Amino acid sequence: MKKPKSYKWQKNDGTGTMSRHLRSEHGLGPEGEEGSSGGGQAQLHGYASDMPGAGRFIIADELPYSFGESVNYEYFNRVALQPQYRRVPRNTLKCRTQQSYYAYRGYLMEMFRTYDGRVSLTSDTWTSTYGEPFVCVTAHWIDNDWLLQKRIICFEAMEEAHNGFNIKSRIVSCCKNFHLVDKIFSISLDNATANTSAMQFLKDDPSIKLVLDEYGLRKKVIALDTPTRWNSTYKLLHDAIAYRDVLTDMYNESRATDGQFITNDHWSLAKIVHDVLETFDNATHIFSYVYEPNIHTVILECIKIICTIKQTSLANPGVAVKRLLDNMKVKWCAYFTEFPPIYAIAAILDPGVKLEGLTNLLTFYYQQLDVQFDVPYYVNNCKRILERLCEEYGAVIQPQPVGSSMGASRFGILGPVLKKSRPDGSGSSSSSSSSSNIGVGEYLTYQFETEENFHIIEWWKNHSSKFPVLARIAKDIFAIPASTIASEFAFSAGRRVLDEKRSRLSSESIEMC
């Protein structure tokens, strides 16, 4: 260890003593001079590429590699942060970015290889501004801390034809790379023809094992009809109504010659449509969550929408309103006459709904829809699927159920519907003594309590010791997204990255960004 040196300050001394000390003891020289390899701890970075997280900074903020060569950014750093900062060559910065990307990609691969749960996927296709097709695959899962996670595991350019088989091949290849072939719980695609074909190819591929497909669950589709875009119509009307007087005066003034004016009747009709579509827009926002579970809310939100349509139709018997709402109802029935069982199973796993609540909700739903449907058979079929899932999961986890409670006050106007046929506050009395079904039976007889600030993931996390089998199933099911919005987010980022100034980026660079 070097003996400490004493420095004496005199009135006329400059900074030479400090400079010599920095050079000899810490290996730091004046600006522009290379320092020695001294053993001091003080370190100054001459390049941004040497700083921890430089690659992540470029990727996260969607910056071009030429950002490090910016003269203005160099000036800012040297004046405000680090006098020794120097511009970074784009190739050096790209190298650091690739290192960060491949390091995290390797971490994800190893994490999925050892992950003992199931992963749900969403996938979609996109064509860039320059006509280049891309496919995106996003993985959704709940980690060991019961936090909902989302990661893009594939964002690749497709040089081959944009058809179902090739989309399937890209998804399978991605699953193999990330060790997900035997861990897929569900795959969500939109209702485009190529995606529908890809789903069928996936079902026929022997290398992919879909858990939900084994139990007869058809593919899940939540899709907006592009030509109509009900939620876009709502936003248009919402803004227009706020400027009602201005728009009326402008339009009527421009059409004074032909006598076609906007009247109060027109605005009254617009307000009716606005109020109907507001419920739909709220549901769209809930279905767009990517870091909050939403699969269990699908049936509830659909019931709210159809109730609004029915109530508005009864309250406004006018011909124009009736024709509009009848057309909406026909369009709705084309998608939601029967819910995929996974939505019902997710609702059963909601402690505020369970079996009795689901039966009451669906009965009410089909009454509002004026459609004949065998609700008891459908609900019992969903229960049987849940019991079969318990058999598979129970082979690994032994259930040890204990009692507690949960309420249904958070459901608003649907609360009375849920409480029907449940005056004592309990769920279904059915149970099974078999080891495979005991978790379902115990859970369905679990006592409710009133709880406004309810978070379903927290509830299952806190009760995982009481219902270990069902908690594990819930962990996998609640990771399923209600829409393919995660892929749409990736495409929005792709549009920002692949702009007119970076049109020559390779597909590898785009995937990293």
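**Entry 1: helices H14 and H15**

I began with how H14 passes H15, and I found a right-handed crossing. The model I am reading is predicted. H14 covers residues 354-369 and H15 covers residues 375-394. I read a packing angle of about 145° for the two, with their axes 10 Å apart.

Next I looked up who touches whom. From H14 I noted Leu355, Leu358, Thr359, Leu362, Thr363 and Tyr366. They meet Val375, Tyr378, Val379 and Lys383 in H15. I then sorted this contact by class: 7 residues are nonpolar, 2 are polar and 1 is charged.

**Entry 2: helices H13 and H14**

I moved to H13, which spans residues 341-348. H13 packs on H14 at about 130°, and their axes lie 8 Å apart. That angle makes H13 oblique to H14.

On the H13 side I listed Ala344, Ala347 and Ile348. Their partners in H14 are Lys354, Leu355 and Leu358. I counted 5 nonpolar residues and 1 charged residue in the contact of H13 with H14, and no polar ones.

I turned to the strands. In what order do the 4 strands of the open sheet lie? I read E3-E2-E1-E4, with mixed pairing. The edges are E3 (148-157) and E4 (184-188), and each of these pairs on one side only. Neighbouring strands are turned by 20° against each other on average, direction ignored.

**Entry 3: pairing, strand by strand**

I followed the sheet from E3 across to E4.

- E2 (residues 133-142) and E3 run antiparallel, joined by 9 bridges. I looked up two pairs here. Ala139 stands opposite Arg151 in E3. Val135 has Glu156 of E3 as its bridge partner.
- E2 and E3 also form a hairpin, with 5 residues between them. In the turn I noted Trp146, which has a positive phi of about 60°.
- E1 (residues 119-127) and E2 run antiparallel too, with 8 bridges. Ser120 stands opposite His140 in E2.
- E1 and E4 pair in the parallel sense, over 4 bridges.

I stopped at Leu121. In E2, Leu121 has Ala139 as its bridge partner. In E4, the bridge partner of Leu121 is Ile187. Ala139 in turn faces Arg151 in E3.

How many of the 10 residues of E2 are buried? I found 10 of 10, so I wrote the strand down as mostly covered, with buried taken as under 20% relative accessible area. I checked the two faces separately. One side holds Pro133, Val135, Val137, Ala139 and Trp141, all buried. The other holds Phe134, Cys136, Thr138, His140 and Ile142, also all buried. Both faces of E2 are covered.

For E1 I read 7 buried residues of 9, so this strand is largely enclosed by the rest of the structure.

Definitions and conventions: Residues numbered from 1 in each chain as written. Predicted model: local features only at pLDDT ≥ 70, side-chain atom pairs only at ≥ 80, totals over all residues. Heavy atoms only, no water. Pairing = 2+ DSSP bridges. Axes fitted to C-alpha atoms, helices over the stretch in contact; angles between N-to-C directions. Left-handed = near helix turned anticlockwise from the far one by under 90°. Contact = heavy atoms within 4.5 Å. Nonpolar A, V, L, I, M, F, W, Y, C, P; charged D, E, K, R; others polar. Parallel < 35°, antiparallel > 145°, perpendicular 65-115°, else oblique. Buried < 20%, exposed > 50% of the residue type's maximum accessible area, 1.4 Å probe, protein only.
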